Amino acid sequence: MALENWQEQLRRGGLDLAILLSVAEAPRYGLDIIRHLEEFTDLVVTDGTIYPILGRLTREGSLLAEWVADEGPHPRKYYRLTGSGRRRLSEMLVHWEQFTRKIGRLIKTLPERMR
Amino acid sequence: MKLTETGEARIHGYLYILGRSLRSFMPHAVALDALREVESHVRERIAQEQAVPAEREAVERILAEVRPPLEVARAYFAEMVVEEALSTGGLGPVARAIWRLATTTMAGFFAGVALFAGYIIGAAFLLTAALKPIFPANVGLFVVDGVPRAFGAQFPAPPGAEVWGGYAIIPISLAIGLGVLTLTQRAAKTFLGWWRARMTGSIRKSGAVESSR
């Protein structure tokens, strides 16, 4: 149970970063973001629960949402990074890389038989 | 895949329940926008499905992947109301989140009752401190025949009771009141954090965390 909680917190912490990365290059709509995440990560989220996170990131000003009616068979809500979202993403990437590098260094100090 | 009337009815039923749940804690316009987005997702998924004889199975599978409407609503609640309560820590947002959970979940109900008692007790101590300078003979520790009987404010004071404590009651009540309120608020935030972690843990796809690519 404790391991599951830890994994969940890790996943939750990484999910915001993964979503911002998904829309960093071009705007994407919800289903497209889910497919993108499923393709590159195992941060698989249930379809219906990614939208509340997108909503929060929009409220926080990291994403800008816009409905596009004439592109697919149904209107799609596209998300793209805002200026502050791009700054936040850069900061998150720096922190993430530092964090993983430090943890990686720590793991290397562990004898092979214990990994 | 083009849906039959039965399939359409199933989708409408799903969206109806989701819409009602969302409107119970979201502003109407925000709830409508969220509902429209989920509908767009469901319809897009259906449009991408090959026509199959067992339409019902396909629709049920798509809706199961979206998750049941009440679960989706809870996810919105966690990201909107609980997140605001935890990030601001304000009394209003925390109370709103606790109230909602108390009226919709069993754990929330018991937590809500305990937290409500904490807030009331804390407020009562603060009120005692505020009333003491106005009604010095009616506020304090009431002692009858050397035995403490009650603490607080009583109108009229019990017959034969002495009021102990004097004006020292004011700083003591203030300290206890603020202490109880702070602890209660901290407990409320801890409960909300626990609920959010439990909720997000329970709605992830089975095996999603364990799998590796």
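Accessible areas here come from the Shrake-Rupley method with a 1.4 Å probe. The structure shown is a predicted model.

View 1. Chain B exposes about 11500 Å². Carbon and sulfur atoms supply 65% of that area. Of the 213 residues in chain B, 42% count as buried.

**View 2. The fold and spread of chain B.** Seven helices and three strands make up the secondary structure of chain B. Along the sequence they follow the pattern α-α-α-α-α-α-β-β-β-α. The radius of gyration of chain B is 26 Å, well over the 17 Å given by the globule rule for 213 residues, so chain B is more spread out than a compact globule. Its C-alpha atoms fill a box of roughly 85 × 40 × 25 Å along the principal axes.

**View 3. The two domains of chain B.** Chain B is divided into domain 1 (1-66) and domain 2 (90-213). The C-alpha centres of these domains lie 42 Å apart. Among contacts in chain B between residues at least 6 apart in sequence, 64% join residues at least 24 apart.

**View 4. The largest nonpolar core.** This core has 64 residues, and those with the most contacts inside it are Ile19(A), Leu63(A), Leu22(B), Tyr76(B) and Leu192(B). Helix 4 (residues 69-88) of chain B gives the largest share, nine residues. Domain 1 (1-66) and domain 2 (90-213) of chain B both give residues to this core, so the core lies between them. In soluble globular proteins, nonpolar side chains tend to be buried together.

**View 5. The surroundings of Ile19(A).** Leaving aside neighbours within four places in sequence, Ile19(A) is in contact with Leu37(A), Ile50(A), Ile53(A), Leu54(A), Leu57(A) and Leu63(A).

Notes: Residues are numbered from 1 along each chain as its sequence is written. Chains are lettered from A and ligands numbered from 1 in the order in which they are written. This is a predicted model: local features need pLDDT of at least 70, side-chain atom pairs count only at pLDDT 80 or more; totals for chains, interfaces and linings use all residues. Side-chain values use heavy atoms; hydrogens and water are left out. A nonpolar core is a set of buried Ala, Val, Leu, Ile, Met, Phe, Trp, Tyr and Cys residues joined through side-chain atoms within 4.5 Å. Buried means under 20% relative accessible area, exposed over 50%, partly exposed in between (1.4 Å probe, protein chains only). Helices (H or I, at least four residues) and strands (E, at least two) are DSSP runs, numbered from the N terminus. Domain bounds come from an automatic or database domain assignment. Contact means heavy atoms within 4.5 Å. The radius of gyration is taken over C-alpha atoms; the globule rule is 2.2 Å times the number of residues to the power 0.38.
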